[in-house]
Amino acid sequence: MHVTMIKKELADGSPCKKCLQAEEILRRRGLWQQIDEVVFAKEADPGSPGMKLAAAHRVELAPFFLVKEGEREVVYTSVIELMREQLASPMSVAPPRPTNGHAAPQPSDDHPSEQDIAELNQRFATAEPVAVVDWVLSRYGESAAIAFSGAEDVAVIDMAASTGRRFSVFTLDTGRLHPETYRFIDRVRTHYGVKIELMFPDRVAVEELVRKKGLFSFYDDGHNECCGMRKVEPLHRALGGFRAWLSGQRRDQSPTRTNVELFELDRAHRGVTGPMLKANPLAGTTLDGVWNYLRDRQAPTNELHERGYVSIGCEPCTRASRPGEHERASRWWWEEATKRECGLHTAK
């Protein structure tokens with residue numbers, strides 16, 4: 001097997017950041033030595049070897065990888081998919097590694113105790129968010145799911161991808177999302193080469209609600225009933241197949257999230273082994289910190305952010321933020337501020 005990595009060089013001669021990130025992932029996982037050849041696609045030179053390969057294989061993304069085995073040649077535009085399908089053996093045997101001095105215990109089928117949670121919060125109190133993500137994935141792998149919907153969750157996905165470890169991603173399709181959000185979901189899937197499982201609400205329950213109360217009953221009697229059907233129940237189903245999950249919650253997001261911890265014992269949802277570990281790696285991060293990270297990593301974002309939307313949910317329940325407003329003031333704006341939670345992160 002011969003693996004070629006095609007890296008992009010920008011027109012001004014600077015390297016492609018995403019290419020550097022892909023190389024970083026391979027080096028972290030001890031897989032860089034399995035890349036047999038590096039070829040550059042120079043924007044300023046259409047005749048460069050990498051540009052010719054991109055044209056021949058009709059690839060517009062960088063980096064990409066060519067894996068040749070005999071007469072068979074396969075193109076990969078995702079380093080994660082390359083590792084999973086072609087470099088899987090070293091990944092599967094790699095032991096959990098310490099991250100920033102935080103050693104990861106061996107995987108266990110037992111759910112964590114309250115004491116375990118307290119010790120984890122103390123141990124990672126000053127750690128970078130990526131260290132939290134790396135620890136969770138080193139212990140649970142694909143049995144840990146990232147709940148994806150917005151900018152913070154993309155940051156968590158980006159961190160997970162940077163570790164080179166296995167993980168799962170799901171999102172809740174309520175049936176009431178903005179068209180821009182659906183396009184955003186697909187861009188994230190393509191950008192990271194990850195499978196995103198879409199969870200839908202129960203059709204019968206939603207049809208009954210709409211039949212009885214119409215499409216906009218939440219404006220009159222609150223959003224809890226609709227969110228319960230379209231978001232909370234599908235989340236319960238989604239998490240039933242996992243042992244741990246990661247969210248993008250931050251303490252500064254709203255008055256209802258000021259006590260969010262890095263690690264929690266989630267008794268509101270039952271995974272395959274009962275109460276679940278829930279990790280909030282961005283708990284102590286600010287909104288500016290999230291956006292600085294996303295810009296630095298050139299991560300995909302929802303185009304609605306460019307139109308003044310900060311926190312984005314369902315179309316009927318989200319509006320653009322107004323000057324001086326808190327970021328979640330644009331969600332369920334007709335309700336009292338302390339009630340602006342959909343129930344996904346409420347222990348009940």
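A patch here joins residues with over 30% relative accessible area and no salt bridge, like charges within 9 Å and nonpolar side chains (Val, Leu, Ile, Met, Phe, Trp, Tyr) within 5 Å; a salt bridge is a side-chain nitrogen of Lys or Arg within 4 Å of a carboxyl oxygen of Asp or Glu. Areas come from the Shrake-Rupley method with a 1.4 Å probe, and for residues only the protein chains shown count as cover.

This is a predicted model: local features need pLDDT of at least 70, side-chain atom pairs count only at pLDDT 80 or more, and totals for chains, interfaces and linings use all residues. Residues are numbered from 1 along each chain as its sequence is written, and side-chain values use heavy atoms, leaving out hydrogens and water.

Start by selecting Leu-215, Phe-216, Tyr-219 and Trp-333: together they make a nonpolar surface patch of about 370 Å². Tyr-219 sits in helix α10 (residues 218–221); helices (H or I, at least four residues) and strands (E, at least two) are DSSP runs, numbered from the N terminus.

Next, colour the six-stranded open sheet, ordered β7-β6-β5-β8-β10-β9 with mixed pairing; two strands pair if DSSP finds at least two bridges between them. At its edges, pairing on one side only, are β7 (196–199) and β9 (263–271).

Now zoom in on β6 (residues 168–172), which runs parallel to β7 and is joined to that strand by four bridges. Look for Val-169, opposite Ile-196 of β7.

Finally, zoom out to the whole chain, with its 12 helices and 10 strands.
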